[in-house]
Amino acid sequence: MRRENNLFRSHWLMIGSLGGVLAGLSLLHGQAIFMWLALAFLWSISGNFFGGFLWGLIAVLISHSWLLALHPLSWIGVPVPLSLPIAVSLWLFCGGCGGLLVGIWSLIANAPLFKGLRDGCFGEKVLCILVLSCVWGLAEVVLASSPLFWIGVGGSVLPADKYLAGLARWFGAGGLATVQLLIGSWLWQMAIAVRRGIGWKKSFSFGLFFVVLAHLVGASLLSAKSFSEVIPVALWQSDIPIRTKFTEEQQNRIPYALNESFQIAENLSASLLVAPEGTLSPNQELLLPAQIPLLTGGFRWV
């Protein structure tokens, strides 16, 4: 087993790059199967800081390539010559932070305790994989409350795999990340078993049973009816481009458009009006008192 692991780790540059590409595509398009394969590649080089860093770097650069579309930043007062360098710097900074986070996870996986468990008996290997998966899942929960949250493995199941996402009713996005880390480890271990030609059928059957069971449980949680009444909600899509949001024309138009939306929602007998995040400026006053409750997000000040 140790020789097989060393074989994978010796190709960390290729494996980390390929895994990062698959992870980035999964985060960008919500394809869970790509993330499972990407995590299998990550497990194969677990313990290699540079391989983990490369995996996270490429994953974030691909999934957050939309940051480059911020250019030109003249709409927030940035001079045009500085716009592209700033946008590229933000993109690279996010990628670097993502790579560092995965690299730290790889360092944890390479700690003497986990190295000993990986080289131990079957039960110790399972315990090692389970603990490392939970570490990732808990890290996502912590990072979700901070600006440093760019690798949402838990959220990569949507929109393609809503049945697995149903498990979030039990343990949230962090739990989904843990489950996907476990699936990735299963694919990695099965690849090793196939290469050795020993025990791959049992590995395949056990992993397939786990994946199917997880989907069945998730589907049952989605179908469970936990609500007591239906609340009619009106949704207002303001459709305001970010680059023109802060122009004088748009700032003058928003209050009138919102007031019109209130009237339409009231005519539809809605109990609540929902507007996109950041629609209103901080402490913005309405033209008229709201006829129904308004729910909208905004920028985090604290």
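**First stop: a strand residue**

Select L272, which counts as partly exposed because its relative accessibility is 22%; buried means under 20% relative accessible area, exposed over 50%, and partly exposed in between (1.4 Å probe, protein chains only). Please note that this is a predicted model, in which local features need pLDDT of at least 70 and side-chain atom pairs count only at pLDDT 80 or more, while totals for chains, interfaces and linings use all residues. Residues are numbered from 1 along each chain as its sequence is written, and side-chain values use heavy atoms, with hydrogens and water left out.

L272 belongs to strand β2. Helices (H or I, at least four residues) and strands (E, at least two) are DSSP runs, numbered from the N terminus. Now display the surroundings of L272: residues up to four places away in sequence aside, L272 touches P232, V233, A234, I292, P293, L294 and L295. Contact here means heavy atoms within 4.5 Å. Which distance separates the C-alpha atoms of L272 and I292? It is 5.9 Å, although the two residues are 20 residues apart along the chain.

**The sheet and its helix**

Next, select the three strands, which form an open sheet in the order β1-β2-β3 with parallel pairing. Two strands pair if DSSP finds at least two bridges between them. At the edges are β1 (233-235) and β3 (294-296), each of which pairs on one side only. From one strand to the next, the twist averages 25°. Strand β2 covers residues 272-275, and three bridges join β2 to β1. Within this pair, A234 stands opposite L273.

Then move to the loop between α12 and β2, where S269 is found. Phi of S269 is near 60°, a positive value in a residue other than glycine. Is S269 buried or exposed? S269 is exposed, because its relative accessible area is 54%.

**The nonpolar cores**

Turn now to W55 in helix α4. W55 is buried, since its relative accessible area is 0%. Show its contacts beyond four places in sequence: G16, G19, G20, A23, M35, A38, L39, L42, V102 and W136. One of these, L39, is 16 residues from W55 in sequence and 9.5 Å away in space, C-alpha to C-alpha.

W55 and W136 have the most contacts inside the largest nonpolar core, which has 38 residues. A nonpolar core is a set of buried Ala, Val, Leu, Ile, Met, Phe, Trp, Tyr and Cys residues joined through side-chain atoms within 4.5 Å. At least two residues of this core come from each of several helices, among them α2 (12-29), α4 (49-63), α5 (80-109) and α7 (122-143). Which helix gives the most to this core? It is α9, with ten residues. A second, separate core of 13 residues includes I254, L258, F262 and A275. In soluble globular proteins, nonpolar side chains tend to be buried together.

**A pair of helices**

Select α5 and α7 together. Their axes come within 11 Å and cross at roughly 150°. The residues that meet are L101, V102, W105, I108 and A109 in α5 and L132, V135, W136 and L143 in α7.

S83 counts as buried because its relative accessibility is 0%. Beyond its neighbours within four places in sequence, S83 is in contact with H71, P72, L73 and V78. The side chain of S83 reaches the backbone nitrogen of L73 at 2.6 Å.

H71 and P72 are joined by a cis peptide bond, with omega about 0°. Finally, visit P159 in the loop between α7 and α8. The peptide bond from L158 to P159 is also cis, with omega near 5°.

Notes: Polar contact = N/O pair within 3.5 Å; in protein donor to acceptor, adjacent residues only side chain to side chain. Axes fitted to C-alpha atoms, helices over the stretch in contact; angles between N-to-C directions.
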